[in-house]
Every structure is written in C-alpha cells, then in structure tokens.
Amino acid sequence: MKLVKLTPDTELAGFDCGDEDLNNFLVEDAKGFLDKRIATSYILEDDGNIVAYFCLLNDKISRQDVTNSQWKKIKGGFPERKQFGSYPAIKIGRFAVSSQYKGRSIGTDLMNLLKGMLNENPIYYAFRYLTVDAYLSAIDFYQKNDFKILSEKILGDHTRLMFFDMMELE
C-alpha cells in the first residue's frame, strides 16, 4: 500500500466506504477543493484500488469554540506572554476507509501515518492541534486514536470539534 497526494489526474472510481457523503466528496469535490486551495486530499492505494482517503485543511481552535475550563487547559500549554485568542490547527476534513478493507485496523494505521506525516514534515510546523468535526458514529474511532472532545455541540450528525495535541507526539 502507498499513500499518494491527490492530483487533478488521479482516477477516483470504485471507492465505497458505505457513507454517501464521504463517497461523494472524494469523487465530486476533492479535486475542486484542491484546485481552489481549500483542502488537500491523500489517497491510500493498494494495487490500483482506493483503500482509504483523508483530506486536510487549515483550522484554528478559538476561545468561542470551547468552555472556560477547556480554554484554560489549551492556553496553559503556551507561555503566558504568548497567549492568543485562537491557536493554529489542521483539520481532517474527511477520513474514510473502503468497506472492502474495514476491520483490518487500516483506519488507525492511516491515522498514525497522517500524524507522523504532519509531525515530521517542516511544511506543516505552523500548527499545534489536529482537529476534526466528527460524525457521531465515528467518535469512538477518534477517541481510540487519542482525540479529545473539545466541544459538546451537536450539529446534525456530528459534534463540533475533537482535537489531538500534536505536542503529544514529541
């Protein structure tokens, strides 16, 4: 298996994770998001098959996103003279594993690869947190992968924000 960055020429046929929204994003929106510099997608391939994908975009954790106690914990990680009203993050916009490959720990392996890629690549150094607006059905997956619920706000079928502190990797 290999991880490749989506390009305008990438063939996207045949992916099905069992979720129409996630399937449609990859096939219908991912290239447009790349072209408009909204998000960059990465595809995990195996012999020409799309095993999984994720997309990344810029984000931030702001004071208004969280409770007072949560904000104290976040800003406590920074020197007092360097505290701000928001802190830089990278958001996982979409994250999906093909139904054919589920149950093989590919999601967790891919999440670890993603964290390692962000932590080790100098072009990604200007952020502290990894965030995701998680589907309610995926909260257990993200918690298993060391994300914490930052906001209990429920918006339709997802919670507002879960986060992973990249400093935990060091």
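How many nonpolar, polar and charged residues does the lining of the largest pocket have, by class? The table gives the counts, with Ala, Val, Leu, Ile, Met, Phe, Trp, Tyr, Cys and Pro taken as nonpolar, Asp, Glu, Lys and Arg as charged, and the others, Gly among them, as polar.

| Class | Residues in the lining of the largest pocket |
|---|---|
| Nonpolar | 15 residues |
| Polar | seven residues |

The model is predicted: local features need pLDDT of at least 70 and side-chain atom pairs count only at pLDDT 80 or more, while totals for chains, interfaces and linings use all residues. Residues are numbered from 1 along each chain as its sequence is written, and side-chain values use heavy atoms, with hydrogens and water left out.

**Pocket.** The volume of the largest pocket is about 700 Å³. A pocket is an open set of points on a 1 Å grid over the protein atoms alone, where a 1.4 Å probe fits, with protein on both sides within 12 Å along at least five of seven lines; lining residues have an atom within 4 Å of a point. The volume is the space filled by probe spheres set on the points, which are joined across faces, edges and corners. Leu-22, Phe-95, Ala-96, Ala-138 and Tyr-142 are the closest to the pocket centre among its 31 lining residues. Strand E4 gives the most to the lining, with seven residues. Helices and strands are DSSP runs numbered from the N terminus (helices: H or I, at least four residues; strands: E, at least two).

**Cores.** The largest nonpolar core has 28 residues, of which Leu-56, Ile-92, Leu-118, Leu-130, Tyr-142 and Phe-147 touch the most other members. Such a core joins buried Ala, Val, Leu, Ile, Met, Phe, Trp, Tyr and Cys residues through side-chain atoms within 4.5 Å. Buried means under 20% relative accessible area, exposed over 50%, and partly exposed in between (1.4 Å probe, protein chains only). A second, separate core of 15 residues includes Phe-15, Ala-39, Cys-55 and Ala-96. Beyond four places in sequence, Tyr-142 touches Ile-92, Phe-95, Met-111, Val-132, Ala-134, Phe-147 and Met-162.

**Local details.** Helix H2 (residues 68-75) has Gln-70, Trp-71 and Ile-74 as its buried residues. Seen down the axis of H2, these fall within an arc of 100°, so they line one face of the helix; the arc is that of the directions from the axis to the C-beta atoms. Exposed Lys-72 and Lys-73 are on the face of H2 turned away from its buried side. Arg-128, in the loop between H3 and E5, counts as buried at 14% relative accessibility.

Definitions and conventions. Contact = heavy atoms within 4.5 Å.
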